[in-house]
Amino acid sequence: LNTGSIKTSVYEMAQKVAGTEGSDYQKAERIREYISKTIKYTLKPKAVPEDEEAVAYTLFTSQEAYCDIFATAMVQMARSIR
């Protein structure tokens, strides 16, 4: 499994969330909904530890971030399903 720069855990979650049914748009919308329900928006998120990848840490550990991580999570997860 070659996921490039996307952590395997993020790749696998994207596959699970997007599913196999529906159009690319519908899959992307399922990812967007998952992210918006999973991550709490805050201007003061916990710092990402140096040994962690930001999106994986946010999705699976801190579950809080501001807009740049929301966007990065969406991009990484969408790339995972193409």
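Where is Gln63 found? In this predicted model, Gln63 sits in the loop between H3 and strand E2 (64-65).

Gln63 has a phi near 55°, a positive value in a residue other than glycine. Its relative accessibility is 36%, so Gln63 counts as partly exposed.

Ser62 belongs to helix H3. Ser62 has a relative accessible area of 10% and is therefore buried, the cut-off for buried being under 20%. Leaving aside residues up to four places away in sequence, Ser62 touches Lys46 and Tyr57.

## Buried side of H1

Helix H1 spans residues 8-18, and its buried residues are Val10, Met13, Ala14, Val17 and Ala18. These residues lie on the same side of H1 because they cover an arc of only 120° around the axis.

After H1 comes Gly19, which has a positive phi, near 70°.

## Packing of H1 on H2

Two packed helices are described by the angle between their axes and the distance between the axes. For H1 and H2, the angle is about 115° and the axes are 8 Å apart. H1 is therefore roughly perpendicular to H2, as angles from 65 to 115 degrees are counted that way. The crossing of the two helices, H1 and H2, is right-handed.

On the H1 side, the contact is made by Met13, Ala14, Val17 and Ala18; on the H2 side, it is made by Lys27, Arg30, Ile31 and Tyr34. By class, the residues of the contact of H1 with H2 are six nonpolar, no polar and two charged. Met13, Ala14, Val17 and Ala18 are also among the buried residues of H1.

## Ile81 after H4

Ile81 is located in the segment after H4. Not counting residues up to four places away in sequence, Ile81 touches Ala14, Gln15, Ala18, Lys27, Ala28 and Ile31. Among these, Ala14, Ala18, Lys27 and Ile31 also take part in the meeting of H1 with H2.

What separation do the C-alpha atoms of Ile81 and Ser62 have? These atoms are 24 Å apart, and the two residues are 19 residues apart along the chain. The contacts listed for Ser62 are Lys46 and Tyr57, whereas those of Ile81 include Ala14 and Lys27.

Notes
Residues are numbered from 1 along each chain as its sequence is written. This is a predicted model: local features need pLDDT of at least 70, side-chain atom pairs count only at pLDDT 80 or more; totals for chains, interfaces and linings use all residues. Side-chain values use heavy atoms; hydrogens and water are left out. Buried means under 20% relative accessible area, exposed over 50%, partly exposed in between (1.4 Å probe, protein chains only). Helices (H or I, at least four residues) and strands (E, at least two) are DSSP runs, numbered from the N terminus. The arc is that of the directions from the helix axis to the C-beta atoms. Axes are lines fitted to C-alpha atoms, for helices over the stretch in contact, and angles run from 0 to 180 degrees between N-to-C directions. Angles under 35 degrees count as roughly parallel, over 145 as roughly antiparallel, 65 to 115 as roughly perpendicular and the rest as oblique. A crossing is left-handed if the near helix is turned anticlockwise from the far one by less than a right angle, and right-handed if clockwise. Contact means heavy atoms within 4.5 Å. Ala, Val, Leu, Ile, Met, Phe, Trp, Tyr, Cys and Pro count as nonpolar, Asp, Glu, Lys and Arg as charged, and the others, Gly among them, as polar.
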